[in-house]
Amino acid sequence: MNSSVSTTAIPGLGADVPALDARQAAPRMFDGSQLLTSGLKWLLLALLLVGMGCPLLFILGQAVLTPDGAWAGSAPFVRLFSNINFLPMLGRSLWVSFVTAAVTVPLAYAFAYALQRTCVPLKGMWRGIGLLPLLAPSLLPGIALIYLFGNQGLFKELMNGGIYGFWGILLGEVFYTFPHALMILLSALSQADGRLYDAASAMGASRWRTFASVTLPATRYGIFGAFCLVFTLTITDFGVPKIAGGAYSVLAVEAYKAVVGQQQFGRGALIGLLLLVPAVLTFAVDAWLQRRQRAQMSSRSEAYVPRPDWKRDGFNLLAVALISAAILIMIAVAMGASLVKLWPYNLALTLQHYDFDNMDGGGWLAYWNSLKLACGTSVAGTIVIFTGAWLMEKTRGPARLGAVLSPLLRFLCFLPMAVPGLVLGLGSLLFFNHPANPFNFLYGTMALLVVCSVVHFYTTAHLTAVTALKQLDPEFEAASLSLKVPVLKTFLRVTVPLCLPSLLEIFRYLFVSSMTTVSAVIFLYRPDTVLASVAVLNMDDAGDVGPAAAMSTLILLTSAAASLLMHFAGSGLVARTQAWRRGRGH
């Protein structure tokens, strides 16, 4: 009797075995492997609870409980809102965040449209420039704006000294949030059904009518998602308002002052809870939109390929060039000011601003600490996050246990997306600095900074890992189980090599984010663990704007160099580890 049995090749194990459904092979997993994976899941749960859950519970307790532990009810909120200055400050925060989103999203949409839907030249270069602000701390645009429009700025007459306040925050936040909106809109505009555009052209629709009736409706979810993200990033950021805000007080800066300057932890916790509201609402709206959004490309779709049009391409090239020029000017001014003696009066080149050991802020120790934090976060975070995603997507445990553990893990993995860094940092301060906490010994250490950074950036990296793991055929695990190959061996020799590009992307993301973060670590350092991004803030407070620009420049250059190094080194590594794909003709 003839029968046809499909086989599955397992790269790294060197075997062709009958293809099995993962659900059929799951019962064959060794009890020891189930015990190991279940133990790792509990360990991941403990890490997320300690790093995220407990700090949030402590910030909630600080806000609604009295010092002796009794229920305070609504009294703290009544006192906060009855303060004569609070409601105007809340209004200013909402207004500047709304205007920032209203300005940033159209600019990012125009930029993304030019890259995805036109034939402008040098798209790779423009894309790289558009994403450059991701490599800089949020304090850099504030410093650059002071050098451009401040009291001693090159163009101070244009603003008449008015850069300190609403306009300073607006311009700085547009620079800071632009690449975040750009990434969402690039994705939204990346795919389109070419048949719709052919139909519009056949019906004689104008270019504008086609855009309004086809392109814009297809990307409305991306536009709204970008708007919500920019709004949330702005209202929870205190880097730009701290430097360029002047007397225009906003919630994030007020929370920082309440904790650092006034030691009013209860007030800071209350404001932190308020900052959670827009983030949670954004997360909920985004989840709702994801459920409503339909695929733009079906099996019958034809990919849209833009045709050259010199008028359209010329206009979009001009728009991209102007936006890129604005980004480069901000970066160039900060870098240039760090290399001259006294901006703008004495432009002689000097490296005196890089003599950090003779400045307030932490010295060169702060820079080396940031490198340690970035390396520790990227290494530990990549291992923990990718392993955690694999445990959740590719392994099974006892059904009764999984019914409780899996939903809880998924919730905690997505929770960091809805928690601003300032709120996480404040909650970690309250939790880890509590004398009765057995983890109190971690407070102020580099280990705690690494844990807080990993948790803060967990969701984005987790989604990257899950996306890569979902692309793997379940037959890999099924075939390995049928051969009685230990689950960890399959993970190390099959799953990791196949997902290496995503692992490198997670590593790069964690490194750059840890180098530039301020809000999540501002409450957690000691003099011996001060960080470069915090040193920028301290030097600016001390009036050393030149050294602050120098440290910001150093952070930017380090992030860029690390990204390029990981790109080139990773390309060779990926080519070697995935040579089997080419060998089998894929």
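These legends describe close-up views of a predicted model.

**Figure 1. Overview of the chain.** The predicted chain holds 26 helices and four strands. It has 586 residues, and 51% of them are buried.

**Figure 2. Helix H6 against helix H15.** H6 covers residues 139-149, and H15 covers residues 310-337. Their axes come within 9 Å and cross at roughly 80°. Angles of 65 to 115 degrees count as roughly perpendicular, so H6 is roughly perpendicular to H15. From H6, the contact uses Leu140, Pro141, Ala144, Leu145, Tyr147 and Leu148. From H15, it uses Ile329, Met330, Ile331, Val333, Ala334 and Ala337. By class, the contact of H6 with H15 has 12 nonpolar residues, with no polar and no charged ones.

**Figure 3. Helix H16 against helix H20.** H16 spans residues 363-394, and H20 spans residues 458-470. The two helices pack at an angle of about 50°, with their axes 9 Å apart. H16 and H20 are therefore oblique to each other. Their crossing is right-handed. H16 contributes Val384, Ile385, Phe386, Gly388, Ala389, Trp390, Met392, Glu393 and Lys394. H20 contributes Tyr458, Ala461, His462, Ala465, Val466, Leu469 and Lys470. By class, the contact of H16 with H20 has 11 nonpolar, two polar and three charged residues.

**Figure 4. Histidine 462 in helix H20.** Histidine 462 lies in H20, residues 458-470. Its relative accessibility is 2%, so histidine 462 counts as buried. The cut-off for buried is under 20%. Leaving aside residues up to four places away in sequence, histidine 462 touches Ile385, Ala389, Met392 and Cys413. Ile385, Ala389 and Met392 are also among the H16 residues that meet H20.

**Figure 5. Arginine 410 and its polar partner.** Arginine 410 sits in helix H17, residues 399-414. At 34% relative accessibility, arginine 410 counts as partly exposed. It touches Met392 and Glu393, not counting residues up to four places away in sequence. The side chains of arginine 410 and glutamate 393 are joined by a polar contact of 3.2 Å. Threonine 459 is 49 residues from arginine 410 in sequence. In space, the two are 10.0 Å apart, C-alpha to C-alpha.

**Figure 6. Helix H18 against helix H19.** H18 runs over residues 421-432, and H19 over residues 446-456. Their axes come within 11 Å and cross at roughly 140°. Only angles over 145 degrees count as roughly antiparallel, so H18 and H19 are oblique to each other. The crossing of H18 and H19 is right-handed. On the H18 side, the contact is made by Gly421, Leu424, Ser428 and Phe432. On the H19 side, it is made by Leu448, Cys452, Val455 and His456. The residues of this contact divide into five nonpolar, three polar and no charged.

**Figure 7. Histidine 456 in helix H19.** Histidine 456 lies in H19. At 17% relative accessibility, histidine 456 counts as buried. Beyond residues up to four places away in sequence, histidine 456 touches Pro416, Val419, Pro420, Gly421, Leu424, Thr517 and Ala520. Gly421 and Leu424 are among the H18 residues in the contact with H19.

**Figure 8. Threonine 118 in a loop.** Threonine 118 lies between helix H4 (86-117) and helix H5 (123-130). Its relative accessible area is 0%, so threonine 118 is buried. A polar atom of the threonine 118 side chain lies 2.4 Å from the backbone oxygen of alanine 114. Not counting residues up to four places away in sequence, threonine 118 touches Tyr113, Lys123, Pro306, Arg312, Asp313 and Asn316. Proline 306 is 188 residues from threonine 118 in sequence. Their C-alpha atoms are 5.6 Å apart in space.

**Figure 9. Serine 571 in helix H25.** Serine 571 is found in H25, residues 545-577. At 39% relative accessibility, serine 571 counts as partly exposed. Leucine 504 is 67 residues from serine 571 along the chain. The C-alpha atoms of the pair are separated by 9.6 Å.

Key: Residues numbered from 1 in each chain as written. Predicted model: local features only at pLDDT ≥ 70, side-chain atom pairs only at ≥ 80, totals over all residues. Heavy atoms only, no water. Axes fitted to C-alpha atoms, helices over the stretch in contact; angles between N-to-C directions. Parallel < 35°, antiparallel > 145°, perpendicular 65-115°, else oblique. Left-handed = near helix turned anticlockwise from the far one by under 90°. Contact = heavy atoms within 4.5 Å. Nonpolar A, V, L, I, M, F, W, Y, C, P; charged D, E, K, R; others polar. Buried < 20%, exposed > 50% of the residue type's maximum accessible area, 1.4 Å probe, protein only. Polar contact = N/O pair within 3.5 Å; in protein donor to acceptor, adjacent residues only side chain to side chain.
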